[in-house]
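Subject: Structure handover and notes

Hello,

Here is the structure for your files. My notes on its packing follow below it.

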Amino acid sequence: MVGAPWRELTIIQVTTDEGITGLGEVRMVNKTETLVAAIGELGNRYLIGMDPFDLNKLAWNIQFAEYGIPGEVGQSALAAFDIACWDIIGKKTNQPVWKLLGGKFRDKVPAYANGWYQGDRDPKIIGDLAKKVKARGYTGLKIDPFGAASAELSNEERRRSVSVLEAVREAVGEDFNIFLEMHGRFTASSAMLVAKDVEHINPGWLEEPVLPMDLHGMKTLRQNTHLPIATGERIHHSQELIPFLEAGVIDIIQIDLTHHAGITGMQKLAGWSDAYNVVLAPHNVCGPIGTAAALHFSVAAPNLKVLEHFNDFADPWVSEIVTGAPYVDPADGCFELPTAPGLGVELNREVCEAHPRTFGRLDLFSEGWEKRTFVSNYEKKS
Ligand SMILES: [Mg+2]
């Protein structure tokens with residue numbers, strides 16, 4: 001486990017009897033201890049001794065044979081195993097993983113920046129930070145300007161949020177993508193007010209405008225805004241997605257590969273969700289290993305829109321925990337095509353060891369969370 005102030009990266013390394021190693025990574029949302037326990041329990045039961053090519057059986061074991069419903073933790077442990085096995089498969093066959101996922105659909109993968117607005121919710125401060133994102137070569141960014149809002153926004157907070165967004169639009173220009181993060185904060189009526197407030201800023205999407213399982217809220221919002229709606233980072237199994245797709249309320253699916261059964265799970269999703277004529281913008285808060293997994297998937301997936309990236313602005317040292325970290329080219333704001341066999345990253349253990357666990361977490365409902373400073377109330381009780 002590698003610790004940053006507000007996130008912990010759980011990394012596994014799997015070794016085969018032929019001596020091939022594969023890396024997997026998950027950034028669990030706050031429940032790192034729980035994930036590590038699940039990796040130990042499920043890994044001993046299913047991973048050790050398996051053929052790394054047998055990924056459908058691995059997934060079936062964890063999703064069906066375990067009997068319990070595959071959720072946030074189990075699907076994330078499975079993702080860690082699956083990513084490491086794909087790394088092994090790529091090395092064994094001497095191919096970058098994307099070549100084994102249907103091949104190259106695109107030469108470069110469009111990226112957008114997150115984690116860049118670590119400042120006060122002041123239009124001037126955030127506008128200046130947005131300029132730095134553009135100067136780094138990105139063509140898109142994401143921002144949650146709503147502070148610690150929960151359920152509703154006061155009129156004052158509505159004006160403040162909009163003024164921050166107006167400053168960002170002013171800073172980056174008309175053609176830059178601004179994706180609006182709402183973190184499931186709002187009731188449907190509050191989300192509708194926000195959607196109306198921000199129309200003139202022309203955001204590329206409204207992300208998690210209501211709680212992720214609030215289908216009725218999504219339907220209500222859908223009928224009252226023309227802005228695209230994105231969601232999915234808190235959906236862990238494809239069956240949870242069906243009602244939203246059937247209702248036609250999602251334009252952009254944001255499922256996180258590391259919480260949704262890994263590359264194998266995302267490949268299945270990319271296949272069947274294609275029938276609903278929607279696009280994918282994978283959620284990605286990982287360090288360089290999980291980002292590499294999402295990148296290989298993104299090279300091959302026809303219905304991909306854009307891939308999230310934190311590591312140029314939040315804890316940029318995390319890229320150094322491997323050699324061969326995914327890189328966003330400043331010339332066009334896209335991830336370069338990985339070419340090495342497997343995921344193309346190798347672990348730097350000394351850098352990992354220099355950043356031990358922090359037990360830090362993200363508390364999106366406390367003032368100042370945007371600064372991503374150290375927050376922890378972890379206390380071992382026994
Ligand atoms: Mg989000």
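This is a predicted model: local features need pLDDT of at least 70, side-chain atom pairs count only at pLDDT 80 or more; totals for chains, interfaces and linings use all residues.

Strand 1 pairs with strand 2 (residues 8-15) in the antiparallel sense, over 2 bridges. In one of these pairings, valine 2 has leucine 9 of strand 2 as its bridge partner.

Domains

The protein is divided into domain 1 (2-96 + 360-371) and domain 2 (98-342). Their C-alpha centres lie 22 Å apart. Between them, 38 residues of domain 1 are in contact with 35 residues of domain 2. On the domain 1 side, strand 2, strand 3, helix 2 (55-65) and helix 3 each supply at least two of the residues that touch domain 2. Helix 3 gives the most to that side, with 13 residues. By class, the side of domain 1 that touches domain 2 divides into 18 nonpolar, 10 polar and 10 charged residues.

Helix 3 with helix 9

Helix 3 (residues 72-93) packs on helix 9 (residues 262-273) at an angle of about 95 degrees, and the two axes are 6 Å apart. Angles of 65 to 115 degrees count as roughly perpendicular, and helix 3 is therefore roughly perpendicular to helix 9. From helix 3 the contact takes in Leu78, Ala79, Asp82, Ile83 and Trp86, while helix 9 contributes Gly262, Ile263, Thr264 and Gly265. The contact of helix 3 with helix 9 has 5 nonpolar, 3 polar and 1 charged residues.

Helix 5, helix 6 and helix 7

Helix 6 has packing contacts with helix 5 and with helix 7.

The axes of helix 5 (residues 155-172) and helix 6 come within 10 Å and cross at roughly 40 degrees. That angle makes helix 5 oblique to helix 6. The crossing of helix 5 and helix 6 is right-handed. Helix 5 makes the contact through Arg158, Val162 and Leu165, and helix 6 through Leu193, Asp197 and Val198. In the contact of helix 5 with helix 6 there are 4 nonpolar, no polar and 2 charged residues.

For helix 6 (residues 188-198) and helix 7 (residues 215-222), the axes come within 9 Å and cross at roughly 30 degrees. Angles under 35 degrees count as roughly parallel, and helix 6 and helix 7 are therefore roughly parallel to each other. The crossing of helix 6 and helix 7 is right-handed. Ala188, Ala191, Met192 and Ala195 of helix 6 meet Gly217, Thr220 and Leu221 of helix 7 in this contact. The residues of the contact of helix 6 with helix 7 fall into 5 nonpolar, 2 polar and no charged.

Regards

Note on methods:
Residues are numbered from 1 along each chain as its sequence is written. Axes are lines fitted to C-alpha atoms, for helices over the stretch in contact, and angles run from 0 to 180 degrees between N-to-C directions. Helices (H or I, at least four residues) and strands (E, at least two) are DSSP runs, numbered from the N terminus. Angles under 35 degrees count as roughly parallel, over 145 as roughly antiparallel, 65 to 115 as roughly perpendicular and the rest as oblique. A crossing is left-handed if the near helix is turned anticlockwise from the far one by less than a right angle, and right-handed if clockwise. Two residues are in contact if their C-beta atoms, placed from the backbone, lie within 7 Å. Ala, Val, Leu, Ile, Met, Phe, Trp, Tyr, Cys and Pro count as nonpolar, Asp, Glu, Lys and Arg as charged, and the others, Gly among them, as polar. Two strands pair if DSSP finds at least two bridges between them. Domain bounds come from an automatic or database domain assignment.
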